[in-house]
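Try each one yourself before you read its solution.

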Amino acid sequence: MSVGDAGIRKPETVGVDRAAQELELRRGEFALAAQLGHIRTVAGPVLGRRQVARQEIDRLRAADGFPGALRERVRTVGTAEGAELMSVSPGRFTRLARAGFVAPVTFYLNRYRAVVWLYLADDLRAFVDTEPVLLTGRFPQALRAGLDAGEDRRARNWRGRRVGLLLHESDDAWERAAVAGCVLDPAHLAELVRDPYERAYLNRLRPDLAEARSASEAAREVVRRLVVADAPDEIRWHHVGLESLLAEARSVRPAPRPDDPGAAAPTDRRATTAPRPPGGHAPSRAERRGRLLARLRIGRHTRSGRLGPGRADVCARDGEPKRGRGGAGW
């Protein structure tokens, strides 16, 4: 604990929501600042939950220009504002982005479920300084040919950037392997990771590259397509990364298995079956139901269609594991 100005003892670390409030950042601004390394986060007591040290918050609040300077470092712009910032037409800006010269840092879906890419203002200012020749005149022939053929590298550049930022943020070997595999579709992941328990562990740890906040299934499907690698060379690149990080993770510790305390059963039911109890036969459905009713002592209630309290907890103890965290993302 640390002691504040009023003599009140403060925790050494705080959650990200509290840190965002103290740093006067919106949730999205804070998340982006943490991803870019402007705010140093540390591992929390729960795997996958990051926290911010009190010392880091004090450092940022004491910096010159706070909070405006910090906000400017994570300011994002769309096509129109980005083109204005670079003094080019919106059409030329879009062609530069599609060709991969400027990489988006995030996106959102508009009301028509179209993807709206956003770019860091700092990135665009840096591009103006380093590549002035591409701001005027005709594009090189090779570049024009790719664009005329429909090339669009915005999604893959966003995925690659997002993965790189997540890898930089994590120190846990299995978390890093989960990051490396989260842009591969389930078929590619199963091809590379044969062990169902390793796949289950990676699925529990995989982060969300992007959160689909819309209640629309169509919008969620758009986001799901965006987070999955689709080009053959991109898939090969992530295969190589996952192989390397998976070898490193295995050398640190094995993935949890059924005989480990607190281990989660695989979520891929096609790959394995539930283990039998040691030294005995697998209980029948009727036997399992009888044990459950005996524990709950609710025989009289079942005749009227009611179940007693606590069924979920008892089911979990009787060998029906609760599902772990899943979802897509690297």
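Predicted model: local features only at pLDDT ≥ 70, side-chain atom pairs only at ≥ 80, totals over all residues.

**Exercise 1.** Work out how helix α5 and helix α6 are arranged where their axes cross.

*Solution.* Start with the axes: those of α5 (residues 79-86) and α6 (residues 90-98) come within 9 Å and cross at roughly 100°. Angles of 65 to 115 degrees count as roughly perpendicular, so α5 is roughly perpendicular to α6. Next, look at who meets whom: α5 brings T79, G82, A83 and M86, while α6 brings P90, F93, T94 and L96. Finally, sort this contact by class, and you get 5 nonpolar, 3 polar and no charged residues.

**Exercise 2.** Find the largest nonpolar core and name the residues that touch the most other members.

*Solution.* The core holds 51 residues, and M86, W174, L202 and L242 are the ones touching the most other members. Then ask which helix gives the most to this core: that's α10 (residues 173-181), with 6 residues. Now zoom in on W174. Skipping neighbours within four places in sequence, its contacts include Y201, L202, L205, L246 and A249. There's also a second, separate core of 16 residues, with V14, L23, L60 and V74 among them.

**Exercise 3.** Decide whether E198 is buried or exposed.

*Solution.* First locate E198: it sits in helix α12 (residues 196-205). The cut-off for buried is under 20% relative accessible area. E198 comes in at 9% relative accessibility, so it counts as buried. As for its surroundings, leaving out residues up to four places away in sequence, E198 touches W174, V193, L246, R250 and A255.

Technical notes:
Residues numbered from 1 in each chain as written. Heavy atoms only, no water. Axes fitted to C-alpha atoms, helices over the stretch in contact; angles between N-to-C directions. Helix = DSSP H or I, 4+ residues; strand = E, 2+ residues; numbered from the N terminus. Parallel < 35°, antiparallel > 145°, perpendicular 65-115°, else oblique. Contact = heavy atoms within 4.5 Å. Nonpolar A, V, L, I, M, F, W, Y, C, P; charged D, E, K, R; others polar. Buried < 20%, exposed > 50% of the residue type's maximum accessible area, 1.4 Å probe, protein only. Core = buried A, V, L, I, M, F, W, Y, C linked by side-chain atoms within 4.5 Å.
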